[in-house]
Amino acid sequence: MNSDEELWLGLRHGDKEMLVALYQQYYHCLLFLGLKQNSNASLVKDAIHELFLYLWEKRDTLQPARNIKNYLVTSLLRKLAADCKNCQKQGALHIAWVESINETCLNPEEKLVAKEQHIQLGTLLSSQINELPGRQKELIELKFYEGLAYEDIVQRTGLSHRTVYNKIHEGLKRLKSNLTKGRSARAAVLDSQPVS
């Protein structure tokens, strides 16, 4: 059995077997510690997979580590904290949006306008998702519409974790870019219209 240092060195030199051995050696420990910080098992498992994907992608720039276990645990807990913060932001935005629609101080006309804007945003997002390349569209729908974890998507599609993660990341990046361009174009049109 290889030592942590040998596994780390192997990973840094691009040996997939060493990456897999490192993953297998620390998966249960990381899962246990991750679940202590966050009780959502799917989120913790996704974070572990993303951590090892990140290590593989950055293997050329990884430095020697004195304590591999501490490095992995610290990296995972930081990732979970960041993911949790992002989820809270998204949750707060969703709640704020819903509350703004249901705000009792809005008159019926304002409620109708807010609801119409919400529908338009949903339609715009759907149309942008439909314009994505087939595989990106499929994976984004599995992740965000069906709520599947990365592991479940891998099992359903037969793709590798890395492929699934990369395709979803590329799709989200493209969506963000397209939506930002669309918003800028709409704002320019509105700004150029004369005020009556």
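Okay, hi everyone. Before anything else, please keep in mind that what you see is a predicted model.

Let's start with the overall picture. How many helices and strands are there? The protein chain has eight helices and zero strands. If you walk along the sequence, the pattern reads α-α-α-α-α-α-α-α. There are 196 residues in the protein chain, and 28% of them are buried. And here's a number about how the chain meets itself: take the contacts with a separation of 6 or more, and 59% of them come from residues 24 or more positions apart.

Helix H1 covers residues 4–12, helix H2 covers residues 16–37, and the two pack at an angle of about 135°. Their axes are 8 Å apart. So how are H1 and H2 placed relative to each other? With angles over 145 counted as roughly antiparallel and 65 to 115 as roughly perpendicular, H1 and H2 are oblique to each other. The crossing, where H1 passes H2, is left-handed. On the H1 side, the contact uses Asp4, Glu6, Leu7, Trp8, Gly10 and Leu11. On the H2 side you'll find Met18, Leu19, Ala21, Leu22, Gln25 and Tyr26. Sort the residues of that contact by class and you get eight nonpolar, two polar and two charged.

Find Leu62, please, in the loop between H3 and H4. Is Leu62 buried or exposed? Leu62 is buried, because its relative accessible area is 7% and the cut-off for buried is under 20%. What does Leu62 touch, once we leave aside neighbours within four places in sequence? The answer is Trp8, Leu11, Arg12, Leu55 and Tyr71.

Next up, salt bridges. The count for this model is four, and I'll walk you through some of them.

One is between Asp46 and Lys143, where the side chains meet with N to O at 3.1 Å. Asp46 sits in helix H3, residues 41–57, and Lys143 sits in helix H6, residues 134–145, so this pair ties together parts that are 97 residues apart in sequence. Both partners are buried, Asp46 as well as Lys143.

Another one joins Lys79 and Glu50, with an N to O distance of 2.8 Å. Here Lys79 belongs to helix H4, residues 68–102, while Glu50 belongs to helix H3, and the two are 29 residues apart. Which partner is buried? Glu50 is, with a relative accessible area of 12%. Lys79 has 22% and is partly exposed.

Then there's Glu57 with Arg162, another salt bridge, whose closest N and O atoms are 3.9 Å apart. Glu57 is in helix H3 and Arg162 is in helix H8, residues 161–192, so the pair ties together parts 105 residues apart in sequence. Glu57 is partly exposed at 30% relative accessible area, and Arg162 is partly exposed too, at 33%.

Helix H7 runs over residues 150–157, and H6 and H7 pack at an angle of about 130°, with axes 10 Å apart. That makes H6 and H7 oblique to each other, and this time the crossing is right-handed.

One last residue, and then I'm done. Gln128 is in helix H5, residues 108–130. Buried or exposed, what would you guess for Gln128? Gln128 is buried, with a relative accessible area of 11%. Not counting residues up to four places away in sequence, Gln128 touches Leu175, Asn178 and Leu179.

So, to wrap up: eight helices, zero strands, and four salt bridges.

Key:
Residues numbered from 1 in each chain as written. Predicted model: local features only at pLDDT ≥ 70, side-chain atom pairs only at ≥ 80, totals over all residues. Heavy atoms only, no water. Helix = DSSP H or I, 4+ residues; strand = E, 2+ residues; numbered from the N terminus. Buried < 20%, exposed > 50% of the residue type's maximum accessible area, 1.4 Å probe, protein only. Axes fitted to C-alpha atoms, helices over the stretch in contact; angles between N-to-C directions. Parallel < 35°, antiparallel > 145°, perpendicular 65-115°, else oblique. Left-handed = near helix turned anticlockwise from the far one by under 90°. Contact = heavy atoms within 4.5 Å. Nonpolar A, V, L, I, M, F, W, Y, C, P; charged D, E, K, R; others polar.
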